[in-house]
Amino acid sequence: MMKKSEKSAVRQEDCVREKFMTLPMNAENINECIDLFMRTFSKEPWNDVYESREQVALFFERYLNNNYFMGYALNCGDKVIALCLGSRKPWLNGMEYDIDQFCVAEEFQRTGAGSHFLRQIENMAGQCGINAVVLNTNKGYPSEKFYLKNGYRVLEHSVTLAKLI
């Protein structure tokens, strides 16, 4: 007999692209998204440390309450296996989608799920009048190769700057 946790676990081999569903991130799936975010970014290569789950929940809630919010979840069956958190942003040539956070459950990485999800997001954003997608990622991390493989390019004339205030 299967334990409850085994029964509800989603295994990569049980999911094929035909079973994937891209949905808007909302109050119904935000808790699963928060859990996936924490599981993913607390591991290599990021090793993020969070004060509490509430800290991360507040981060997500701030996004959900932003008028320009656009977030997506990739489901396999009833389980969230990837997420994308971002916002629409005006620019001189229209509106762009600024991806702030993107992650795929560890067991679905390097299976094509992330590329499939990114294409779905681009298609959905395009249908909403978005004409560009922008994002930042860490140089040399696996995510850099992922985005380059999916047609993104490094903007040689751009540099990301920050200052704590």
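In what sense do β1 and strand β2 pair, and over how many bridges? In this predicted model, β1 and β2 (residues 69-76) run antiparallel to each other and are joined over five bridges, with threonine 22 standing opposite leucine 74 of β2.

These two strands belong to an open sheet of five strands, arranged in the order β1-β2-β3-β4-β5 with mixed pairing. The edges are formed by β1 (20-24) and β5 (130-135), each of which pairs on one side only, and neighbouring strands of the sheet are turned against each other by 30° on average when direction is ignored. Helix α3 packs on this sheet, where it touches β2, β3 and β4, and the direction of α3 makes about 50° with that of β3.

| Element | Residues | Relation to the sheet |
|---|---|---|
| α3 | 53-64 | packs on the sheet |
| β3 | 79-91 | touched by α3 |
| β4 | 94-104 | touched by α3 |

The largest nonpolar core holds 41 residues, and the members that touch the most others are Phe60, Leu83, Cys84, Tyr97, Phe102 and Phe117. Two or more residues are given to this core by each of α2 (30-41), α3, β2, β3, β4, α4 (113-127) and α5 (142-149), with α2 giving the most, namely seven residues. As general background, nonpolar side chains in soluble globular proteins tend to be buried together.

Which residues does leucine 83 touch, if those up to four places away in sequence are not counted? The contacts of leucine 83 are Met25, Cys33, Leu36, Phe37, Phe60, Tyr72, Ala73, Gln101, Phe102, Cys103 and Phe117.

Technical notes: Residues numbered from 1 in each chain as written. Predicted model: local features only at pLDDT ≥ 70, side-chain atom pairs only at ≥ 80, totals over all residues. Heavy atoms only, no water. Pairing = 2+ DSSP bridges. Helix = DSSP H or I, 4+ residues; strand = E, 2+ residues; numbered from the N terminus. Axes fitted to C-alpha atoms, helices over the stretch in contact; angles between N-to-C directions. Contact = heavy atoms within 4.5 Å. Core = buried A, V, L, I, M, F, W, Y, C linked by side-chain atoms within 4.5 Å. Buried < 20%, exposed > 50% of the residue type's maximum accessible area, 1.4 Å probe, protein only.
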